[in-house]
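This report walks through one structural model, section by section. Please keep the sequence and the picture at hand while reading.

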Amino acid sequence: MKSTKLYTPPVFRIISMNIAKWGNPLGLKKSDCASWADGLQLPTKGKTILYTGCEYQMTAYIRPLAEVLKRMKFRDTLFSAFSGLQTVGEKIGVDLMKGYTKVASSESETYNRLLRMAALTLKRLGIDFAYLDGELYSGALLYEYGLFDELEEQAKRIVNQFKGAGVTKIIALTPHSAEVFQQVYPRFISNFDFEVVPYISAVAEALKKLGTELSLPEPLTLTLHDPCHLARALKVTEEPREVIRTITNLDFREVALNKELTGCCGAPCETIFPELSELVAVKRAEELSATGAEVAATLCPFCHANLSKGVGLTGNKLRVADLIEIVYQALEVSNARA
Amino acid sequence: MPEPKQIFEEYYDKLLHKAQDDDMSLGLARSVRAYREGRARALERFPHTIALAEEVRRLKEDCVGRMDELVQKATASLEENGAQVYYAETGDDALKFIGEIIGSGKILVSGKTLTGEEIGLRHYVEGLGNEYWETDCAQLIQQLRKEKPMHYVYPSLHIRREQVAEILTDLLGKKIPPDIPTEIRTIRKFLRSKYFKADFGISGCNVMAADTGTIFLLESEGNIRMSTTVPPVHIALVGIEKIVSTLHDAFNVAEVVWRYAGFTVPLYVSMISGPSGTADIECTLIHGSSGPLELHVIFLDNGRSTLAKDPILKEALLCIKCGACLFECPVFELAAGYYGGHGYFGGLGAILTAYMSGGFEEAAPIAYTCLRCGRCTEVCPQSIDLSRLIPELRHRIVEMARS
């Protein structure tokens, strides 16, 4: 093997520096990550936690980041200029994007609303949980990029945080964090001895115990986009369908490529090859639209964002939603009736 | 050699350009649909293939751990059968051996060989002043288009019949209509004029049995039979990861390859263990009967031993090149073999490219194209866990970018 100095895109440096310094890839402030929980009075310590990993919070900023990357291609100069700011303690990432694009605060609000719904759904279902103060990002992207040393560092920080808060069980809201905790951390650190439950599995189990049928305010045709990491890595394919089946006025239509053969939304390559990411999103959006459903529900913020973009580019009238909001609405209706 | 960053940029520009080519996406969409239906039918009719594939994974795992021993065994068997055997540590070594056998001013006909693509065989042989004809229809189309193959089993799966008609019209200087049967007949006639003039026949190898030294070649066109039987000399290029212990194991591998490649039943399976021979006069074996007078087998390492020593990435050597993964890859569906190096495609191809065909410079952007969505693993007969391998490959790239 030749030992040539290889090239990796500058975005790697930015993301790993942000994670080390700010706890998340985009350098969001603690308050940016936690504002969704304002007023919910969630405990900040406890055995069971709802872990968001700042992923829904970041999603609003990923599209602007991709736009910046599209404009800059692989030109390092701009990135280098911003990397310099790191030394004077400035945030990079979000500031960089704010300089070049307008981050839609309404989009940020959409994802914060989803997080509130996710938490309230657990409450309605009688699940007690805490939300950690200053939650750290799982490091899933570090694993994706092959930045293993940085991942190990982040894993250690997370374990310290969890142990300090007395955590034993993690309800992982996103497939990426559930996968990284369950399947990757044990390869890097020896003391990751927490129970990890994907969010939808916790919801499915609680709904089954409750045994009630739910309904939406209006009948709805819906298809499900199984997130890759949920369906294949974590092998969670039946739980979302069980949840969907409890909603009586929902007409469920399977997309041709479903469950373990689900199609990628294109998000994984968005930070490196943004244009390619769009083409993959369009393809999947077309497959989902072909079901004729009004709504395509998913369970991952990156799928949500990229499929929304894909649908927008195809001009289809499909609405992309998170299954979280469908379940929340159905619970609201039955709550109002009770 | 361009700078690694330039390789990254040029790769992505080309990939993106091709992914936006409507002509190509139409050809690809047709091929993907037809392949998926074909594979489903094949597995429905022969459902035992799924369990057989698991058995093949286990036997290949065992073989990757003892490639040296298998090479020795296969060499002894082949020599016993009257073949001449060479061991090439690098692609350049293999080219040199082949160049010495061939010389210049000759005509060669070749069955499709991925290993030949890996080392740039055609280019090299032509450079020595020889005429080299690909005899697989799709591979010939790609040769005439001056484009690399796009898939292991279906090299021109992105090309429509209208484009084929244009290529053949150019080649023959007479109008060929865009009609598939006419095109295939035209290619048939053209190639048959070459087989009997050829001095050398080239082939790869789908799998080899060490105990008998038997090369298995799977095909439907009959071009490999012609190329390896008609010319007086047959040269086979064999990657050392293709060797399994026994003839029985080789049969099992072969059956899994053809079924996952989308062929329910292979039209031809050639098993070649030596040059032709006869013992028809006084039961005394003489080599060189109706078939080739000589068989030269070139075993190629070219990074395979290094890859076999990597505790995690060695899993890539279990690949049997059926190409099932590519038909399920969302990026391949858009860009075909432009998502890949010059010989190997897709995410797994990034690993093979890094170690065997283009080095880490060429492999780096391919590695970062993989979505790590994992759908390939669902259809891979060897269940190669690419979602696990890709971060590992990237980790090695990151380390090399730092050093």
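## Terms and source

Two strands are said to pair if DSSP finds at least two bridges between them, and strands (E, at least two residues) and helices (H or I, at least four residues) are DSSP runs, numbered from the N terminus. This is a predicted model, in which local features need pLDDT of at least 70, side-chain atom pairs count only at pLDDT 80 or more, and totals for chains, interfaces and linings use all residues. Residues are numbered from 1 along each chain as its sequence is written, while chains are lettered from A and ligands numbered from 1 in the order in which they are written.

The predictor assigns the complex an ipTM of 0.93 and a pTM of 0.94.

In chain A, three strands make an open sheet in the order β1-β2-β3, with parallel pairing. Because β1 (48–51) and β3 (195–198) of chain A stand at the edges with a single partner strand each, one side of each has no neighbour in the sheet. From one strand to the next, the twist averages 25 degrees, where angles run from 0 to 180 degrees between N-to-C directions and axes are lines fitted to C-alpha atoms, for helices over the stretch in contact.

β1(A) is joined to β2 (residues 169–172) of chain A by four bridges, and these two strands run parallel; Tyr51(A) has Ala172(A) as its bridge partner in β2(A). Helix α10 (residues 199–210) of chain A packs on the sheet, where it touches β2 and β3 of chain A, and its direction makes about 80 degrees with that of β3(A). Residues count as in contact if their C-beta atoms, placed from the backbone, lie within 7 Å.

α6(A) has 20 residues and reaches 28 Å from its first C-alpha to its last, close to the 28 Å expected at 1.5 Å a residue, the expected span being 1.5 Å times one less than the number of residues. Just after α6(A), Gly126(A) takes a positive phi of about 80 degrees.

Ile127(A) lies in the loop between α6 (105–124) and α7 (140–145) of chain A. Not counting residues up to four places away in sequence, Ile127(A) touches Leu122(A), Ala202(A) and Ala206(A).

Key. Contact = placed C-beta atoms within 7 Å.
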